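Subject: Handover of a structure and notes on it

Dear colleague,

Please find the structure below, followed by my notes on it. I would be grateful if you read them with the model open beside you.

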Amino acid sequence: MGVVGNQTIDPLAAGWRALTAGEWEEARVHFEAALRQEETASALEGLGWTAWWLNDVPVTFDARERAYRRYREDDDNQAAARMAVSLAADHFVRRGEHAVGDGWFQRAHHLLSGLDPCPEHAMLAIWESYVAVVFRHDTVTARRLGAEARALAGSLGEVDLEMLAQASLGFAMVCEGNIAEGMRLLDEATAAAVGGEMTDPDAIVTTCCYLIYACERVRDYDRAGQWCDRAIRLADRWSYRFMFAYCRTHYAGVLIWRGAWTEAEAELEAATGELATTFPAMAAEGIARLAELRRRQGRVEDAQALLDRLDAQPLRALGGKLALLGRAALALDRGDATTAIDLAERFLRGVPSEDQVERIDGLELLARAQAARGDQAQAARTVAELQAITTAIGTPSLRAVTSFVEGVMAAASGDYEEARRRFEDAVDLFDTGGAPYEAARSRLELCSALTALGRVDAAAREARAALIILEKIGAARESERAAGLLRHLEAAAPERAGNEAAGLTRR
């Protein structure tokens, strides 16, 4: 016990009160004072949580491992399982050590076997659901575990765990293509998170992040932008640096889509720097997004260097597949369709068909590369899968992607009239979705189709409109392409005018 004024203070109880209030530094002081009096499992668990919030990685692992051992010595298997679940999560998201994380998951299963249903059962299912969908693309297992956790937490009256489990379930359903039901579950869970119904900061912000991630995956960027703002405010409220940084990487994806590349660059550089020092295994997505931004900016060497970083542990756990997509896009940019096909197919082999949403980017790249190489039959099969996913999901942004790929297919087969219609649809849908880069790129393809149809004036208008947008957002490579097309069309104009004056058609 300590004494403040005339009051006797129990440092252990004071530590848990401060932790609940989000006063991390104060909580740490109290827990350390409690441990100086006596090393108890509860004080070690509390210290582990304060270290987690403060991103003190060595203390987080040390305190939780010692708490686990103390709980085992006290024959408290339920609490020991709670520590085992926390350690499993830490090894996955902080260190990328999946074998070690799986070991702790199995330990938790063993300790909980034979116990009456308790919150730790739900915690274990929630985290295993997260690992299944994020690290293993196993949406079937993730959906089952999310549903089990939600039902159990609901029966126990654990609102925080119930809503977090519901968010996990909703995310898995969205990944499978069940957008309407998945988003309905995510909407409800997030409403509970931001409406004050949930009390645990970790559960609240993680629930919000599930929704943002789901929106981004199905290209519902307007919705994602709104929720990103709320999640970042919540993370800032509790000084939750991990979620603040992680949500910023997803918010940067929204900014890239909207053409706000300067702001996206600042968000990504700040967020990836933060994650690289505290949650290195989770920095991969931010690095991959920054590489994609560099590719769009025409900074090819910088993009390649960032993708190379994803090959090293602990980034490789999440970043290996993302690097395949980035390299496929770079190969297609330089006209190497064969390499792009190899990389896109390799990516898709690692993503099961059930995870429909995760397959979209790989299918888009593969279809474009196959069309560029003249593999029309293979490209048709790839586009058919993309069309099926688009039908199931139906967001305007995904319909725009599919229209663009269909236009590429039609142009490659020489059907320029069909290509014109598809590229026009893509332009309209991308414009509606607020995606200037994608709309401008579609305009350039539309320009080529119109040129092939002899509609030079219309082609020049599209090239000019694309050039203005691309220069504004800083897309150097595509700007050069637009300028080249426009110069060619303008140079052809006097010749065409002379032929028409002589009564000759362009042909």
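Helix H24 covers residues 456-473, and its 18 residues should span 26 Å at 1.5 Å a residue; the end C-alpha atoms lie 26 Å apart, which agrees. The expected span is 1.5 Å times one less than the number of residues. Helices are DSSP runs of H or I with at least four residues, numbered from the N terminus. Just after H24, glycine 474 has a positive phi of about 95°.

Please note that this is a predicted model, in which local features need pLDDT of at least 70 and side-chain atom pairs count only at pLDDT 80 or more, whereas totals for chains, interfaces and linings use all residues. Residues are numbered from 1 along each chain as its sequence is written, and side-chain values use heavy atoms, without hydrogens and water.

The mean pLDDT (the predictor's confidence in each residue, from 0 to 100) of the chain is 90, and 91% of its residues reach 70 or more. Over residues 497-507 the pLDDT is below 50, and this stretch has 4 contacts (heavy atoms within 4.5 Å) beyond near neighbours in sequence. Where pLDDT is low, predicted coordinates should not be read in detail.

Next come the pockets. A pocket is an open set of points on a 1 Å grid over the protein atoms alone where a 1.4 Å probe fits, with protein on both sides within 12 Å along at least five of seven lines; lining residues have an atom within 4 Å of a point. A volume is the space filled by probe spheres set on the points, which are joined across faces, edges and corners.

The largest pocket has a volume of about 1300 Å³. It is lined by 46 residues, and those closest to its centre are Arg219, Ala288, Leu322, Leu325 and Asp361. Helix H17 gives the most to this lining, with 12 residues.

The second largest pocket has a volume of about 1000 Å³. Of its 41 lining residues, Trp49, Met123, Asp200, Asp202 and Ala203 are the closest to the centre. H5 provides the largest share of that lining, 8 residues.

Finally, glutamate 216 lies in helix H11. This glutamate 216 counts as buried because its relative accessibility is 10%.

Yours sincerely

How values were computed. Helices (H or I, at least four residues) and strands (E, at least two) are DSSP runs, numbered from the N terminus. Buried means under 20% relative accessible area, exposed over 50%, partly exposed in between (1.4 Å probe, protein chains only).
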